[in-house]
Number of protein chains: 2
Amino acid sequence: MKQNAVELLRSSNLRQTGPRIAILMAMMKANAPVTQEQIAEQLGPLAPNKTTIYRTLMNLVKKNLVHKAYIEGRTWHFELAHHCGQHQCHPHFTCSQCLQTRCIPGVSAPLIKLPEGFTMHRQQIRIEGLCSVCRNKNRR
Amino acid sequence: MKQNAVELLRSSNLRQTGPRIAILMAMMKANAPVTQEQIAEQLGPLAPNKTTIYRTLMNLVKKNLVHKAYIEGRTWHFELAHHCGQHQCHPHFTCSQCLQTRCIPGVSAPLIKLPEGFTMHRQQIRIEGLCSVCRNKNRR
DNA sequence: TTCTCTTTGCAACTTAGTTGCGATTTTGGG
DNA sequence: CCCAAAATCGCAACTAAGTTGCAAAGAGAA
C-alpha cells in the first residue's frame, strides 16, 4: 500500500514526503470520504500537523488525485479519486437522521448538458434520505 | 411579492413576522443561491440580525420551502424550493476560475437507484467546470 | 386587551480552516 | 557523498462563519 502511495506521488510529480505518504495511506484505508480530523485520528500520535494535512489535501486535489466531497455539515471531506469516473464521482448518500454518509459505488447519472460554451470538469451527486437502519428504527 | 411570501408562511404554519417576510422576498429577487451575508446586504440597514437570518433559513429548510445548495467554499448558500422538482433540485454550476455559481434550470438527471431499504428525499447535482466567459479569456 | 408561546437581537463563544514564518527535508548537481 | 536551492513542514496566532444563552419584543388565540 505504501508502494501504491509512492507511485501516486511520483506520477504526479510530487515530492515523496512522510506526511504525504501517510495521508494517502490513511485515505486508502477509508471507505468513505474523510475529514482532516479523521485522518489525524487514524494516524495516531505521529500524524502530521493539521496545517500540513490541509495543505497536502489541497495539493492532492489540485493534482486530481483526491476529490472534495460535498456533504452536509461544516466540515470538509475528501476521498481518493481512483474510484471516480473521469468526469463524475460516484454519488454520496447522507442519512438525514443519523447523518452518516456513504458512497454509492458503481452507479452514475448521465452528464448534464451544459449551456453553450461551458466546459465540464466534474459532476457530483449528493443524495439525502433515510438509510435502512434508521428507517427500521422509525418503524417500531 | 410580499403577498407571495405571506402565503408561503401561512401554508407552512409559520408565524408571519417581519424578518421572515423580508428574507423570503430577498430570496425571490435572487436568481442563484444566496448566503446569509448576501441577504443582509440586499435588505440594507433594516436587515435582521445574522442570527435571525440563519435561524429563519434553517426553519424554512425544515419546512422544505428552502433548500441548501452544496457549493464550493465555506459559506452556506440557500435557494427557494419552488424551482426544484419534488426529489431533485436543478443542478448548480460553479466555474473553477471565477468561482461564480449559477443554476442550470430545466434539466435534471434520472434519480439514482438507492440500495434496498434506503429512501430518497432529495438528489442534488453540482458541476464544476469553466464558464464561457473564463473560457474565452483563456483563449487569448 | 391580555396571556402564552414564539421569535428576535445582542454579545460572547466555538469550530474549522488559514496565514506567516522560521526550521527542516527533499532532490538534483557536482 | 555532500551541498545548495527549492519545496515542505510545524507551530502559534489569526480569521470567518455559524452557534448559543438569555432577556426583551412580538404574534396570535381567547
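In what order do the six strands of the open sheet run? The close-ups below, all taken from a predicted model, start there.

**View 1. The open sheet, with strands from chains A and B.** Reading across, the order is 4(A)-3(A)-5(A)-5(B)-3(B)-4(B), and the pairing is mixed. Strand 4 (101–103) of chain A and strand 4 (101–103) of chain B sit at the edges with a single partner strand each, so one side of each has no neighbour in the sheet. On average, and ignoring direction, neighbouring strands are turned by 25° against each other.

**View 2. Strands 3 and 5 of chain B, paired in the parallel sense.** Here strand 3 (residues 92–95) meets strand 5 (residues 119–130) over four bridges. Look for Cys95(B), which stands opposite Gly129(B) of strand 5 of chain B.

**View 3. Helix 1 of chain B packing with helix 2 of chain B.** The angle is about 120° and the axes are 9 Å apart; the crossing is right-handed. Helix 1 of chain B brings Lys2(B), Asn4(B), Ala5(B), Val6(B), Leu8(B) and Leu9(B) to the contact, while helix 2 of chain B brings Arg20(B), Ile21(B), Leu24(B), Met25(B) and Met28(B). Sorted by class, that's eight nonpolar, one polar and two charged residues.

**View 4. The surface near DNA strand C.** The class tally is five nonpolar, twelve polar and seven charged residues.

Key
Residues numbered from 1 in each chain as written. Chains lettered and ligands numbered in written order. Predicted model: local features only at pLDDT ≥ 70, side-chain atom pairs only at ≥ 80, totals over all residues. Nonpolar A, V, L, I, M, F, W, Y, C, P; charged D, E, K, R; others polar. Axes fitted to C-alpha atoms, helices over the stretch in contact; angles between N-to-C directions. Helix = DSSP H or I, 4+ residues; strand = E, 2+ residues; numbered from the N terminus. Left-handed = near helix turned anticlockwise from the far one by under 90°. Contact = placed C-beta atoms within 7 Å. Pairing = 2+ DSSP bridges.
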